[in-house]
Amino acid sequence: MIMILYWILPMILFIFGLFCFVSNRKHLLSMLLSLEFIVLSLFYFLFIYLNLLNYENYFSMMFLTFSVCEGALGLSILVSMIRTHGNDYFQSFSIM
């Protein structure tokens with residue numbers, strides 16, 4: 001029973017993160033937070049998977065490093081958009 005909880009909990013967290021990402025399309029900051037939640041649920045799933053197979057956790061540390069780089073890139077895009085447009089609403093941006 002506990003082994004099933006190890007697999008179901010990260011999947012539920014991932015689905016909740018996807019739902020928040022799809023439903024919050026108004027602000028860039030809320031989308032970035034939901035993306036970070038998805039990445040953390042994937043990290044949790046990867047960590048459990050590697051521990052159950054008795055593998056080393058080097059790949060999970062690489063994944064965590066790339067997710068930190070992704071978060072820093074997202075925040076830099078957020079700062080540049082706020083400096084140029086004054087807000088982070090998606091409706092105020094024009095595609096052209």
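Two residues are in contact when heavy atoms of theirs lie within 4.5 Å. On that basis, among contacts in the protein chain between residues at least 6 apart in sequence, 57% join residues at least 24 apart. The structure described here is a predicted model. The protein chain contains 3 helices and 0 strands, and its pattern along the sequence is α-α-α. The chain is more spread out than a compact globule, because its radius of gyration is 17 Å, well over the 12 Å that the globule rule gives for 96 residues.

**Overall dimensions and surface**

- Taken along the principal axes, the box filled by the C-alpha atoms of the protein chain is roughly 50 × 25 × 20 Å.
- The protein chain has an accessible surface of about 7300 Å², and carbon and sulfur atoms account for 76% of that surface.
- Buried residues make up 22% of the 96 residues of the protein chain.

**Helix α3**

- Helix α3 covers residues 58-85. Its 28 residues should span 40 Å at 1.5 Å a residue, and this agrees with the 41 Å that separates its end C-alpha atoms.
- The buried residues of α3 are S60, S67, G71, G74, L78 and M81.
- An α-helix has 3.6 residues a turn, so residues three or four places apart point the same way.
- Helix α2, residues 28-52, is included in what covers the buried residues of α3.
- After α3 comes G86, which has a positive phi, near 90°.

- L50 is a residue of helix α2.
- The relative accessibility of L50 is 9%, and L50 therefore counts as buried, the limit being under 20%.
- Beyond its neighbours within four places in sequence, L50 is in contact with Y55, E56, N57, F59 and S60.
- L50 and S60 are 10 residues apart along the chain, and 8.2 Å separates their C-alpha atoms.

**Cysteines**

- The count of disulfides is 0, where a disulfide would require a pair of cysteine sulfur atoms within 2.5 Å.
- C20 has a relative accessibility of 34% and so counts as partly exposed.
- C69 has a relative accessible area of 47%, which means that C69 is partly exposed as well.

Note on methods:
Residues are numbered from 1 along each chain as its sequence is written. This is a predicted model: local features need pLDDT of at least 70, side-chain atom pairs count only at pLDDT 80 or more; totals for chains, interfaces and linings use all residues. Side-chain values use heavy atoms; hydrogens and water are left out. Helices (H or I, at least four residues) and strands (E, at least two) are DSSP runs, numbered from the N terminus. The expected span of a helix is 1.5 Å times one less than its number of residues. Buried means under 20% relative accessible area, exposed over 50%, partly exposed in between (1.4 Å probe, protein chains only). The radius of gyration is taken over C-alpha atoms; the globule rule is 2.2 Å times the number of residues to the power 0.38. Accessible areas come from the Shrake-Rupley method with a 1.4 Å probe; for residues, only the protein chains shown count as cover.
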